[in-house]
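Hi everyone, thanks for coming.

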Amino acid sequence: KRPRLPPGPWRLPVVGNLHQVGANPHLTLRALAERHGPLMFLQLGSIPTVVISSAHVAQEAFRAHDLAFAGRPALYSVERISYGLRDVSFAPYGEYWRQARKVFMVELLSAKRGAEVASLVASIRRLAPSSSSSPIDLSRMVVSVTNAVTCRAAFGDRYEAAGGGRLHRVLEEMQSVLGGFCAGDIFPWLRWIHALDGLRARVERVFGELDDIYSQVIEEHLRGDCTSEHGDLVQVLLRLREDPTQRNTFGSMDQIKGLLTDIFTAGTETSAATIIWTMTELLRNPRVMARAQKEVRDAAGKKGAVEETDLHDLPFLKWVINESLRLHPGSASAASRDHRGLHRRRLRDPRGYESLRQCQGHRHGSRQLEQPAGVSAGEVLERRRRQMGRVLEFVPFGVGRRSCPGINFALAVVELVLANLLHCFDWEARLGKGEELDVEEAFGMVVHRKRPLCLVAKPYEYGKAIF
Ligand code: HEM
């Protein structure tokens with residue numbers, strides 16, 4: 001008996017609905033969903049796909065079929081780079097995934113990130129004097145700080161010695177390989193073509209470089225050359241390898257390496273994109289920027305930098321980050337497959353929460369900063385935090401069994417980097433008269449700004465009033 005499928009647009013033979021999706025699926029899918037409803041069926045090449053685009057339908061789907069959504073598609077490039085799906089993000093749902101995810105959740109929480117943020121601030125300070133003539137490429141600098149934080153969590157305090165610069169280059173290439181169009185993912189029978197179009201060679205090159213770096217880091221750990229004050233992921237995984245009860249999960253070096261790749265595929269670009277989108281929105285909303293800066297500067301006082309212990313005094317900044325995550329949900333990789341081979345994708349529903357612009361008062365024609373209807377930013381934030389993952393109107397970290405295990409780590413990094421950027425500098429985008437900072441998106445594994453965010457940074461000293 002043929003399954004009853006949800007409604008959807010007409011399809012062509014072979015390509016199905018592929019031509020209607022185009023290069024910016026998160027935008028075209030939203031437009032299609034407006035026409036065909038919140039539960040829509042698309043045939044993407046050989047892949048039958050269900051698109052859910054309302055919180056209400058998502059809630060129903062997850063309530064009744066949570067388990068069915070817990071699988072992942074085995075993508076061509078990911079399969080190789082994750083050592084045959086021995087990671088968390090793309091591992092098939094099952095015991096290996098469960099154990100590996102648990103290690104992630106426990107170990108990443110203890111990672112420290114102060115040193116990398118301090119070095120970001122120092123590098124911007126170095127560049128600041130010349131930034132009025134040639135603005136700083138903040139996008140690039142932020143990716144490098146999130147890479148550095150993740151490297152330290154994975155490799156320990158001596159991560160730079162473990163091939164820091166080389167690793168950054170490989171990770172850049174990895175993101176480009178993973179984010180690009182791959183015919184073999186849409187038409188699995190066409191995978192052979194990647195031997196001819198160069199993709200296989202690129203994947204092999206990235207894999208070879210990564211493997212080399214990991215082998216070196218693991219060897220150093222085994223020799224005892226890498227001692228980390230707080231412990232790192234490699235240390236933890238090597239310890240688990242010795243534990244007879246864990247041998248099935250972490251017994252082989254490939255398993256350890258697969259998990260290391262995971263935190264680079266899942267953890268660095270997502271956080272960097274969130275930081276850059278938040279800075280973009282703050283620059284587009286000067287009053288919100290001024291208020292966030294005042295909050296940060298009041299909390300940090302005379303200190304040269306904001307520390308992790310200051311973060312709980314920053315409810316307004318946290319609220320701004322939440323808003324930015326709603327406007328620009330960074331991760332586009334939330335695709336999964338159920339037992340009948342149906343894929344799902346998350347979309348951004350334009351209805352939902354108060355936006356930064358509303359907060360700024362634009363909606364009422366005023367440029368006054370306004371709190372949404374009698375509630376403080378802190379209260380809105382708290383309510384949303386409690387709802388996150390349960391009420392599916394706001395799911396920047398996904399939902400259900402496969403939701404993001406790095407959420408606490410990610411939010412700490414994002415908040416700390418942003419708080420320091422706002423504390424230590426005043427920012428300016430060089431724009432023509434009447435020009436607005438653009439929010440054009442480039443689609444990939446992670447949705448980044450299409451053009452890098454280039455800004456002038458003016459160092460701020462405590463005591464010099466900014467208003
Ligand atoms: C602001 C930054 C981040 C955002 C917006 C984000 C978002 C997401 C989303 C949407 C998913 C997919 C959830 C689903 O399919 O339902 C995910 C999965 C995942 N994320 Fe994150 N993430 C971020 C940072 C991180 C960090 C820093 C790490 C680790 C260092 C991490 C590790 C993972 C892993 C391992 C998965 C796969 C989980 C699984 O399949 O069980 N993420 N993330």
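Before I point at anything, a word on names: helices here are DSSP runs of H or I with at least four residues, and they are numbered from the N terminus. With that in mind, Val-14 sits in the segment before α1. Please also remember that this is a predicted model.

Let me stay with Val-14 for a moment. Its phi is positive, about 65 degrees, although Val-14 is not a glycine. Most residues other than glycine have a negative phi. Is Val-14 buried or exposed? Val-14 is exposed, with 10 other C-beta atoms within 10 Å.

Leu-85 also has a positive phi, near 60 degrees, and is again a residue other than glycine. You will find Leu-85 in the loop between α4 (76-81) and α5. Leu-85 counts as partly exposed because it has 19 other C-beta atoms within 10 Å, and a residue needs 20 or more to be buried.

Back in the segment before α1 (18-21) we also have Leu-5. Leu-5 is partly exposed, with 14 other C-beta atoms within 10 Å.

Now the overall picture. The protein has 18 helices and nine strands. Of its 467 residues, 41% count as buried. Among contacts between residues at least 6 apart in sequence, 74% join residues at least 24 apart.

Let's turn to a helix pair. The axes of α10 (residues 199-223) and α13 (residues 253-284) come within 11 Å and cross at roughly 110 degrees. The two helices, α10 and α13, are therefore roughly perpendicular to each other. Their crossing is right-handed. On the α10 side, the contact is made by Leu-210, Asp-211, Tyr-214 and Ile-218, and on the α13 side by Met-253, Ile-256, Lys-257, Leu-260 and Thr-261. Those contact residues divide into six nonpolar, one polar and two charged.

Helix α13 comes up again at the ligand. How many residues surround the ligand? There are 30, and the closest are Ala-266, Gly-267, Gly-398, Cys-404 and Gly-406. The largest share of this shell, seven residues, comes from α13. Each of α5 (95-109), α13 and α18 (407-424) supplies at least two residues of the shell. By type, the shell divides into 14 nonpolar, 13 polar and three charged residues.

That's my tour, and I'm happy to take questions.

Key
Residues are numbered from 1 along each chain as its sequence is written. This is a predicted model: local features need pLDDT of at least 70, side-chain atom pairs count only at pLDDT 80 or more; totals for chains, interfaces and linings use all residues. Axes are lines fitted to C-alpha atoms, for helices over the stretch in contact, and angles run from 0 to 180 degrees between N-to-C directions. Angles under 35 degrees count as roughly parallel, over 145 as roughly antiparallel, 65 to 115 as roughly perpendicular and the rest as oblique. A crossing is left-handed if the near helix is turned anticlockwise from the far one by less than a right angle, and right-handed if clockwise. Two residues are in contact if their C-beta atoms, placed from the backbone, lie within 7 Å. Ala, Val, Leu, Ile, Met, Phe, Trp, Tyr, Cys and Pro count as nonpolar, Asp, Glu, Lys and Arg as charged, and the others, Gly among them, as polar. A residue is near a molecule or strand if its C-beta atom, placed from the backbone, lies within 6 Å of it. A residue is buried if 20 or more other C-beta atoms lie within 10 Å of its own, exposed if 12 or fewer, and partly exposed in between; C-beta atoms are placed from the backbone.
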